[in-house]
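Subject: Structure for you to look at

Hello,

Here is the structure you will be working with. Please open it alongside this email, and read the notes below with it.

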Amino acid sequence: MCWGVYGKVVEVVGENVKVDFGGVVKEVFSAVDELSPGDFVIVHAGIVISKLSEEDFLDSFKYVKEIAEKLVEEGEFSIEELREIDKLVKRLTSSEK
Amino acid sequence: MLNRSDLRIANNRFFRNNRELALKIVKIIETLSKNLNRKGVDRVKIMNFCGTHEWTTTHYGLRSILPENIELVAGPGCPVCITPSYYIEVAVKLSLEGIRVYTYGDAYKLPAVKSVKEVKNLAEARSIGGEVSIVYSLLDAVKDAKKDERESVFLAIGFETTYPIYASIILRNIVPRNFSFIVVGRLTPPAARYAVEKVGRVDGIIAPGHVSTVIGGEAWKMLSEDYGIPTVISGFEPIDVLISIAEILKQIYEGRSDVVIEYTRAVSWHGNVLAKKMIEEVFEVCDAAWRGIGFIPNSGYRLRREYLKLDGLHLYGFKELSEREWSYDLSIGCRCGEIILGKIKPVDCPLFLNKCTPNVPYGPCMVSSEGTCSIWARSRTGWRVK
């Protein structure tokens with residue numbers, strides 16, 4: 001029931017939006033202001049409840065880096081491990097260019 | 001830096017199919033766990049409040065790759081599981097009286113404690129001629145109900161995520177005249193408060209991601225402020241859950257208890273203000289019953305007085321369930337009440353995969369794809385620890 005589904009807005013139709021769910025397009029309600037075609041959203045039970053943030057998308061990784069850095073400071077984690085994590089995150093993000 | 005053309009692909013790439021990073025985070029978790037051990041913390045109990053988190057944890061076998069001293073338990077995170085038997089009995093009764101009952105698929109087999117004309121769930125009611133329709137969303141039900149004049153009720157089960165659509169349809173005034181609701185909306189933070197008070201020690205909370213898109217990070221402040229429990233609002237991919245666990249361990253190690261949003265791509269501190277406003281206009285918060293548990297203060301939604309004509313219970317002469325009249329609503333031997341509160345695991349219940357299976361569920365936690373027992377039963381091995 002709480003499965004939120006990711007979709008892409010293809011058209012704004014008055015108060016509703018048409019959302020593409022990997023090939024299936026459905027018209028749904030929206031509880032998010034100012035949606036435009038191309039926005040990625042979470043649809044739950046027929047209504048958009050959130051717009052995915054491109055800016056904050058990768059912020060989750062900052063926690064991994066922060067924790068690893070702290071562990072390095074405390075001598076619990078090697079600097080090489082930290083560099084590897086750093087490289088991994090950078091590689092993932094740069095390959096998206 | 002990010003593939004703008006499809007954030008869904010980016011989501012899978014970064015947070016799901018990312019074995020290398022997962023192994024690094026597990027290494028971090030192992031280090032943190034050893035550090036805690038040295039400080040005398042021998043066990044860490046982390047509770048989730050969303051069936052989807054339990055699914056991720058089990059489906060991806062996260063328990064099996066974490067240190068043994070980290071225990072991941074499921075809390076009250078499945079709205080179907082905690083729907084009191086009373087509302088199912090009412091729905092069954094109405095369907096057998098010819099009133100069409102619309103339901104989401106995952107409540108179709110939800111068993112009641114008391115039989116009505118010898119049937120205990122909507123699936124059985126339909127098999128003897130009851131009017132039951134399964135729908136994907138409320139919109140489908142409304143469209144269907146408009147086709148004829150038949151009286152209809154919608155079994156409105158759900159947490160805060162499901163209520164924006166109910167509010168929106170009511171506010172737009174497009175509810176057909178022959179349509180009403182059995183309102184069984186429940187709020188998650190009061191249940192979390194109840195669980196941490198009743199379960200005993202909980203060291204960290206993985207808070208529900210999609211519920212939090214609506215209610216925001218601020219709704220969980222009380223867990224850190226009143227109970228000193230590190231709380232991380234997490235996304236639903238395996239990497240999300242691993243990051244959340246690492247953050248909780250770090251906070252415990254540092255003696256902090258903050259609310260942190262890991263699911264940054266979808267959740268904000270204040271949540272979806274528009275959705276919250278819509279819900280508030282239509283519904284008010286009330287004390288409400290949770291199946292197998294009892295009444296929890298301020299944990300339910302009910303329609304505001306001006307929308308009472310849309311209340312199916314009121315319309316068809318059923319009383320709202322009161323604390324005085326609520327009685328323990330699990331069948332004999334069923335331990336779902338303890339499972340919902342994270343007191344025991346599904347495998348501790350003698351009925352699990354014996355008398356109670358996904359095909360023939362005996363208890364409510366075996367019904368929905370978000371019920372802990374159902375998740376464990378379908379996964380078979382994913383719940384195993386290291």
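Two strands are taken to pair if DSSP finds at least two bridges between them. Please keep in mind that this is a predicted model.

The sheet in chain B

With that rule, strand β5 (residues 152–158) of chain B pairs with β6(B) in the parallel sense, over seven bridges. Within this pairing, B:Ile157 stands opposite B:Val184 in β6(B).

Both strands belong to an open sheet of four strands in chain B, ordered β4-β3-β5-β6, with parallel pairing. The edges are taken by β4 (132–135) and β6 (179–185) of chain B; each has a single partner strand, so one side of each is left without a neighbour in the sheet. On average, neighbouring strands of this sheet are turned by 25° against each other, direction ignored.

Two helices that contact this sheet can be described. Helix α5 (residues 85–96) of chain B lies across β3 (100–104), β4, β5 and β6 of chain B, and runs at about 160° to β6(B). Helix α8 (residues 163–171) of chain B also packs on the sheet, where it touches β3, β5 and β6 of chain B. The direction of α8 makes about 145° with that of β5(B).

A helix pair in chain B

Elsewhere in chain B, helix α3 (residues 51–59) packs with helix α16 (residues 372–379) at an angle of about 20°, and their axes are 10 Å apart. Angles under 35 degrees count as roughly parallel, so α3(B) is roughly parallel to α16(B). The crossing of these two helices is right-handed.

Which residues make the contact? From α3(B) they are B:Gly51, B:Glu54, B:Trp55 and B:Thr58, and they meet B:Thr372, B:Ile375, B:Trp376 and B:Ser379 in α16(B). By class, the contact of α3(B) with α16(B) has three nonpolar, four polar and one charged residues.

The barrel in chain A

In chain A, five strands close into a barrel in the order β1-β2-β3-β5-β4, and the pairing is mixed. From one strand to the next, the twist averages 55°.

The pairings in this barrel include the following:

- Strand β1 (residues 5–13) of chain A pairs with strand β4 (residues 40–44) of chain A in the antiparallel sense, over four bridges. A:Tyr6 stands opposite A:Ile42 in β4(A).
- Strand β2 (residues 16–21) of chain A and β3(A) are antiparallel as well, paired over five bridges. A:Val19 has A:Lys26 in β3(A) as its bridge partner.
- β3(A) and β5(A) pair in the parallel sense over two bridges. Here the bridge partner of A:Phe29 is A:Ile47 in β5(A).

The hairpin of β2(A) and β3(A) has two residues between the strands, and A:Gly22 in that hairpin takes a positive phi near 60°.

Salt bridges

How many salt bridges are there over all chains? The count comes to 27. In chain A, A:Asp39 forms a salt bridge with A:Lys51, with the closest N and O atoms 3.8 Å apart. This pair links distant parts of the chain, twelve residues apart: A:Asp39 is in the loop between β3 (24–30) and β4 of chain A, whereas A:Lys51 is in strand β5 (residues 47–51) of chain A.

Regards

How values were computed:
Residues are numbered from 1 along each chain as its sequence is written. Chains are lettered from A and ligands numbered from 1 in the order in which they are written. This is a predicted model: local features need pLDDT of at least 70, side-chain atom pairs count only at pLDDT 80 or more; totals for chains, interfaces and linings use all residues. Side-chain values use heavy atoms; hydrogens and water are left out. Axes are lines fitted to C-alpha atoms, for helices over the stretch in contact, and angles run from 0 to 180 degrees between N-to-C directions. Angles under 35 degrees count as roughly parallel, over 145 as roughly antiparallel, 65 to 115 as roughly perpendicular and the rest as oblique. A crossing is left-handed if the near helix is turned anticlockwise from the far one by less than a right angle, and right-handed if clockwise. Contact means heavy atoms within 4.5 Å. Ala, Val, Leu, Ile, Met, Phe, Trp, Tyr, Cys and Pro count as nonpolar, Asp, Glu, Lys and Arg as charged, and the others, Gly among them, as polar. A salt bridge is a side-chain nitrogen of Lys or Arg within 4 Å of a carboxyl oxygen of Asp or Glu.
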